[in-house]
Amino acid sequence: MKRYTIILLSIFCFLNLNSEELPESVSAEYFGCKFDDGKNINDMNEWVAKWNTWMDSSGLDEYQASLLTPLYRSPNDEIDFMWVGRTDSWEELARGQSAYLTSGLAESNPAKSCPFSFIARQIPAGGADIQDEINQDEFVAAYWLCDIEGSNNLEEVYSAQATRMKYVSGGGNRISSRIIVPRQGIPSLLSETDFVMLYVSPSLQQWGSNVDNYQNNLEGIGDDNAANGIFSCSNSTVYVGRTIR
């Protein structure tokens with residue numbers, strides 16, 4: 001599949017896909033940012049507290065957000081953190097942006113430079129139900145850049161990944177996955193790939209346990225091969241995440 005195809009699909013809102021065959025997606029925004037001179041994570045924490053106070057009075061109840069700091073990423077100093085915000089609809093996401101832009105909060109943000117910012121669909125793609133297990137101060141988000149092979153489409157990617165994750169979680173791994181499809185503001189790195197696969201582990205220790213268990217017991221066995229001929233992934237990065245709303 002040509003790499004530019006996914007960009008064209010995103011522009012036309014994936015009208016060629018039958019959305020009924022995919023789970024309901026989440027609307028997400030990503031900001032990879034660097035601290036202003038003399039500012040650090042402590043300044044960001046103070047600003048987040050002020051932002052949360054404003055959010056409490058804004059009526060933007062659907063919005064959830066996490067701060068992700070690079071753990072294994074090269075170059076590791078391109079950004080200081082990644083802000084990921086999620087809502088159930090694009091309208092709600094846009095409503096929140098409109099309110100934020102007129103709030104005056106941006107002026108005091110200690111990380112005004114964001115080398116990349118884009119929006120994307122997040123499609124749940126199976127795995128263990130880890131919501132109640134997540135360490136809100138230290139979960140792990142691992143991202144893989146992926147390409148669709150041959151004439152396959154996003155539904156076939158989802159079906160293959162759901163099969164894989166059923167097998168992986170059945171083997172004792174506490175992990176879930178999402179297919180991320182960039183839409184607008186796509187950074188150059190992502191413009192060369194079809195989609196991004198996200199794997200979430202509920203804690204840093206559990207992430208390590210998942211990797212051990214996968215390598216020792218599951219890799220290359222049975223339904224873990226469900227992606228063969230459908231999609232392939234490489235160039236992974238790992239972030240430690242903290243829930244801020």
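What share of the 245 residues in the chain is buried? Buried residues make up 44% of them. Here buried means under 20% relative accessible area, exposed means over 50%, and partly exposed lies in between (1.4 Å probe, protein chains only).

This is a predicted model, in which local features need pLDDT of at least 70, side-chain atom pairs count only at pLDDT 80 or more, and totals for chains, interfaces and linings use all residues. Residues are numbered from 1 along each chain as its sequence is written, and side-chain values use heavy atoms, with hydrogens and water left out.

Start with the overall layout. The chain holds 6 helices and 8 strands. Both are DSSP runs numbered from the N terminus: helices are H or I with at least four residues, strands are E with at least two. From the N terminus on, the order is α-β-α-β-β-α-β-β-α-β-α-β-α-β.

Now take helix α2, residues 41–56. The expected span of a helix is 1.5 Å times one less than its number of residues. For the 16 residues of α2 that gives 22 Å, and the end C-alpha atoms are 22 Å apart, which agrees.

Which residues of α2 are buried? They are Met44, Trp47, Val48, Trp51, Asn52 and Met55. Seen down the axis of α2, these buried residues fall within an arc of 150°, so they line one face of the helix. The arc is that of the directions from the helix axis to the C-beta atoms. An α-helix has 3.6 residues a turn, so residues three or four places apart point the same way. The buried residues of α2 pack against β2 (64–72), β3 (81–87) and α3 (90–101). On the other side of α2, Glu46, Thr53 and Asp56 are exposed.

A salt bridge is a side-chain nitrogen of Lys or Arg within 4 Å of a carboxyl oxygen of Asp or Glu. By this rule the count is 5. Aspartate 56 pairs with arginine 245, with the closest N and O atoms 3.1 Å apart. This pair links distant parts of the chain: aspartate 56 sits in helix α2 and arginine 245 in the segment after β8 (231–243), 189 residues apart. Aspartate 56 counts as exposed because its relative accessibility is 58%. Arginine 245, at 25%, counts as partly exposed.

Another salt bridge joins arginine 73 to glutamate 78, with the closest N and O atoms 2.3 Å apart. Arginine 73 is buried, at 16% relative accessible area. Glutamate 78 is partly exposed, at 33%. In helix α3, arginine 95 bridges to glutamate 92. Their closest N and O atoms are 3.0 Å apart. Being 3 residues apart in α3, they are separated by about one helical turn. Arginine 95 is partly exposed, at 40%, while glutamate 92 is buried, at 12%.

Next come the strands. Two strands pair if DSSP finds at least two bridges between them. β2 and β8 run antiparallel, joined by 6 bridges. Serine 66 stands opposite threonine 243 in β8. Strand β5 (residues 139–148) also runs antiparallel to β8, with 9 bridges. Here tyrosine 143 stands opposite threonine 237.

Two buried residues complete the tour. Glycine 85 is in strand β3. Its relative accessibility is 0%, so it counts as buried. Leaving aside neighbours within four places in sequence, glycine 85 contacts Ser27, Ala28, Glu29, Tyr63, Gln64 and Ala65. Glutamine 161 lies in helix α4 (residues 154–170). Glutamine 161 is also buried, at 0% relative accessibility.

Definitions and conventions. Contact means heavy atoms within 4.5 Å.
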